[in-house]
Amino acid sequence: MEVMTPQDLGRILDILMEKEETDLITKLRIHFEELFDQDYHPSKRIKKEKYSESEGSAEEEEEYYTIEDEQGFLSLA
């Protein structure tokens with residue numbers, strides 16, 4: 001699949017303008033806002049995950065036992 005270019009989007013918007021589809025034009029302008037922004041440059045850096053897959057999850061942590069006092073507060077046992 002090819003990348004959408006500003007020229008492609010311009011042609012699509014021209015066709016929609018001829019058919020007076022203003023709601024679709026607005027949705028496309030919002031969705032493809034970066035194609036209209038001349039100063040937009042996509043990020044070249046990919047953010048890496050801080051956590052590894054082997055670190056586990058909260059479900060694997062040990063269970064704590066609690067005691068509820070007469071006022072409804074919980075304390076670790």
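1. From the N terminus on, the elements of this predicted model run α-α-α-β-β, which amounts to three helices and two strands; helices (H or I, at least four residues) and strands (E, at least two) are DSSP runs, numbered from the N terminus. Residues are numbered from 1 along each chain as its sequence is written. Because the model is predicted, local features need pLDDT of at least 70 and side-chain atom pairs count only at pLDDT 80 or more, while totals for chains, interfaces and linings use all residues, and side-chain values use heavy atoms, with hydrogens and water left out.

2. Of the 77 residues in the chain, 8% are buried, where buried means under 20% relative accessible area, exposed over 50%, and partly exposed in between (1.4 Å probe, protein chains only).

3. The largest nonpolar core consists of five residues, namely L9, L13, L16, I25 and F32; such a core is a set of buried Ala, Val, Leu, Ile, Met, Phe, Trp, Tyr and Cys residues joined through side-chain atoms within 4.5 Å. Helix 1 (residues 6-18) gives the most to this core, with three residues.

4. R29 lies in helix 2 and is partly exposed, with a relative accessible area of 37%. Although R29 and L9 are 20 residues apart along the chain, their C-alpha atoms are separated by 9.0 Å.

5. E20, in the loop between helix 1 and helix 2 (22-31), deserves a look at its backbone: phi of E20 is near 55 degrees, a positive value in a residue other than glycine. Most residues other than glycine have a negative phi. E20 counts as exposed because its relative accessibility is 67%.
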